[in-house]
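I wanted to look up the aromatic pairs and the pockets today. Here are my notes.

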Amino acid sequence: MTLTVENAIHQAMETWRHLGVDQDVADEMAEELAADLTAAALDGRSAADYIGGDIEALATSWAIERGLLPTHRRLKETAFAAVTAAAIPALAALVFWWASWSHFLDPSGESAVTTLDGHVLREVRRFPNPGVPLMWVGWVACLIAGFCFVRRAVDDSLRRPLDPARDATMRALTKALPVILVAAGLMGWAVGVFGAYVVGYYQLLFTFPVALVAMVGTVAAGAAWVRHRTCPPLNATG
């Protein structure tokens, strides 16, 4: 469907209404947009070519440039999105750790035979534990999945309300997220070490829930911190 000047103005007005722009101001902006589109048409450019294909983005950026949009912090929404996205990769990372720690895939074994004279002959067969390389490969995969999942979840949580600071937040989060995920992995590793040397016998029961909470909490805190740093403090209300 070809984007006409009338359709572009209507979509822009709907976007401004959704964003809460004052009606009188929106009418003035619509008149300016109509004049710009008319001038572009006289130069042989279509409305779609002038707008760039996304009237919603153009209308939103225009309102942002004029300082018409209140910027909400949305720290809780950002943290919640990060938690839900990081939970599965974090749980998978713990499963890979368990496969290595428990020697579940280890083919090594020991057998004992008692001879007629009462001596016990033990045979120990040791092989490389495939759970160890599987754990490292799995952790790398979990980091990559965590990066994709968290970035997409946070982006969606800010895209739905047409957040004016979304682009700045996502640029900063893309740079900071690898460090945040590594920090989360180190938190899980620290919990595992503590469980091995302090908890002992009940290590598994301790490590799984505590490490999961520690890793997911680190990702949520990091995402919220990035959002706090990139969301303009002026006229922030939440």
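Before I start: I take helices as DSSP runs of H or I with at least four residues, numbered from the N terminus. I also keep in mind that this is a predicted model.

Aromatic pairs. I got a count of three aromatic pairs. I looked at W97 and F208 and found ring centres 6.2 Å apart with planes at 55°, so I noted the pair as tilted. W97 sits in helix 5 (residues 75-101) and F208 in helix 8 (residues 203-230), so this pair ties together parts that are 111 residues apart in sequence. I have W97 down as buried at 15% relative accessible area, while F208 is partly exposed at 22%.

Next I checked W136 and W139, which pair edge-to-face, with 5.3 Å between centres and 75° between planes. Both are in helix 6 (residues 131-159), and being three residues apart puts about one helical turn between them. W136 is exposed at 51%; W139 is partly exposed at 24%.

What volume does the largest pocket have? I read off about 620 Å³. W139 turned up again here: it is among the residues closest to the centre, along with G185, L186, W189 and M215, out of 28 lining residues. Helix 7 gives the most to this lining, ten residues. I sorted the lining of the largest pocket by class and got 22 nonpolar, six polar and no charged residues.

The second largest pocket comes to about 300 Å³. I found twelve lining residues, with A57, T60, D163, R166 and D167 nearest the centre. Helix 4 supplies the largest share of that lining, five residues. By class I wrote down four nonpolar, two polar and six charged residues for the second largest pocket.

How values were computed:
Residues numbered from 1 in each chain as written. Predicted model: local features only at pLDDT ≥ 70, side-chain atom pairs only at ≥ 80, totals over all residues. Heavy atoms only, no water. Phe/Tyr/Trp six-rings, centres within 6.5 Å; stacked < 30°, edge-to-face > 60°. Helix = DSSP H or I, 4+ residues; strand = E, 2+ residues; numbered from the N terminus. Buried < 20%, exposed > 50% of the residue type's maximum accessible area, 1.4 Å probe, protein only. 1 Å grid on protein atoms, 1.4 Å probe; cavity = no way out; pocket = protein on both sides within 12 Å on 5 of 7 lines; lining within 4 Å. Points joined across faces, edges and corners; volume = space filled by probe spheres on them. Nonpolar A, V, L, I, M, F, W, Y, C, P; charged D, E, K, R; others polar.
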